[in-house]
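Dear colleague,

I am handing over the structure below, and after it I have set out what was found, with the cut-offs given as each term comes up. Please read the notes with the structure open beside them.

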Amino acid sequence: MSQCNPALLEKLINLLGSGGVIYGEDLANRDMAWLKDKTTPWAIARPKTTADISAVMKLCSEYGQSVVTQGGKTGMVDGAATSGDNLALSLERMSGIEELDPLARTMTVLAGTPLQTIQEAAEAAKLSFPLDLGARGSATIGGNIATNAGGNSVIRYGMTRNLILGLEAVLADGTVISSMHKVVKNNTAYDLKQWFIGTEGTLGIVSRAVLKLSPLLHSENTALLAVNDFDTACTLLRELDREFGGSLSAYEVMWNSFFAESTNPENPAHKSSPMPRDYPYYILIETRGTQSEKDAETFQQVLESKFEAGQIQDAVVAQSIADKEGLWAIRDNIESLLQLSPILTYDISLSIPTMAAYLKDTEAAVLEAWPEARFIVFGHLGDGNLHIIVATDEDSPERHHAVDAIIYSRLKNIGGVISAEHGIGTEKRSFLHCSRSAEEIAMMHTIKTAMDPQNLLNPGKVLPDKT
């Protein structure tokens, strides 16, 4: 169908009530700035319950209406972009914590609940939900699940997939699949929740979830380290993880290209640097434990031993919460990179032994093609996830595709992947073959067709067109 179907619109309004559907002139008041593609859907449905979502999808199935689910709208690959033919389904009214079970260490939540709300509720119960990322105040748990979000603590706690015990989702025809179990061990046939984690709303709409909580660790130690070479950064990762006894929860490496720009006094968005800005590599580390004095002593002793061994050239240890936040602000300072616009952002994953050669070869190829370009690198080295920023003097689809080809094609032969934690969306679908075999992609199409035969859910995302 094209544009608004008046009969469907009337039924949606009757179903969801006042404020349940945004359409017409009211669409102009919605914030679309987060999208690269600013196209507006013909309407936005705003369900409050799983039953509402089910009823909406039954209507959409009847009318052949495509649906794009939207959460906190913090995605990086236009996975929630719409066209004028789409109905957007916003989960903003499905926010709330249904249950927090401190004994089972679980939390049952609605999909539209912001990540930060979940973190704060867990902490109030002296527990922790360890998924954490910069967009925590806006990102919703449903979106985190749909994209299998990563973040800053993957090295210790794993991706979102590792933190989900139970899940409820609505299929394209309105069928509700509810597997809201609270147990860690569940080997009763197929693990159906996995069909909806990381599939970006193409197989079903996540409506509720049971989250796995962890003990709240009050002892935190944070430091910024400077080292002279990449080999040392890699060696330190393994040594510190061992010598901190498994308490290492973050290991963020910033190449000088990132650190120098994040702390550049001439950049309007810069953060203050607590040490010289000319070291080749900077490492932000954090440990979490339960014994504040003992943990702090161990932290200091281990870092001193690395300094005496010549592995660390400089170090700043946070002495307060403000110090810690200041160090993390440097790492999270994406705003400073936006000052270099136009920029292209990349989120890749590869094994640590292949990183140095890959980055050298890729940067050389980018600079050979566009000598004026900036090639900036940082990332979650502990879990093999790198973020690459390429700033060039041209903002065009042709330039974007050409840089994509350089970044992604070199991953194929070394076992790397084109998306570590941001998903595929629309931006990476044409390069999926760099990380997935033809047989895998064919199987994905088979699954998509079986679960969504009318191609109603997030069409045009994740999977490349069939050839």
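**Around S219**

S219 touches T287, R288, G289, T290, Q291, S292 and D295, leaving out residues up to four places away in sequence, where contact means heavy atoms within 4.5 Å. The model is a predicted one, in which local features need pLDDT of at least 70 and side-chain atom pairs count only at pLDDT 80 or more, while totals for chains, interfaces and linings use all residues. Residues are numbered from 1 along each chain as its sequence is written, and side-chain values use heavy atoms, with hydrogens and water left out.

S219 belongs to strand 12 (residues 219-227); strands (E, at least two residues) and helices (H or I, at least four) are DSSP runs numbered from the N terminus. S219 counts as buried because its relative accessibility is 3%, buried meaning under 20% relative accessible area, exposed over 50% and partly exposed in between (1.4 Å probe, protein chains only). Its side chain makes a polar contact with the side chain of D295 at 2.9 Å, a polar contact being a pair of N or O atoms within 3.5 Å, of which, within protein, one must be able to donate a hydrogen and the other to accept it, and residues adjacent in sequence count only if both atoms are side-chain atoms.

**Salt bridges**

The whole structure holds 25 salt bridges, each being a side-chain nitrogen of Lys or Arg within 4 Å of a carboxyl oxygen of Asp or Glu. One of them joins the side chains of E243 and K306, with 2.7 Å from N to O. This pair links distant parts of the chain, since E243 sits in helix 6 (residues 230-243) and K306 in helix 8 (residues 292-308), 63 residues apart. E243 is partly exposed at 30% relative accessibility, whereas K306 is buried at 6%.

D452 and K448 also form a salt bridge, their closest N and O atoms being 2.8 Å apart; D452 is buried at 2% relative accessible area, and K448 is buried at 11%. Salt bridges that share partners join E220, E286, R288 and K324 into one network.

**A buried glutamate without a salt bridge**

E200 lies in the loop between strand 9 (176-179) and strand 10 (205-212). E200 is buried yet has no salt bridge, and the nearest side chain of opposite charge, K461, is 7.9 Å away (Lys and Arg count as positive, Asp and Glu as negative, and His and the chain ends are not counted). A polar atom of the E200 side chain lies 2.9 Å from the backbone nitrogen of G425.

Best regards
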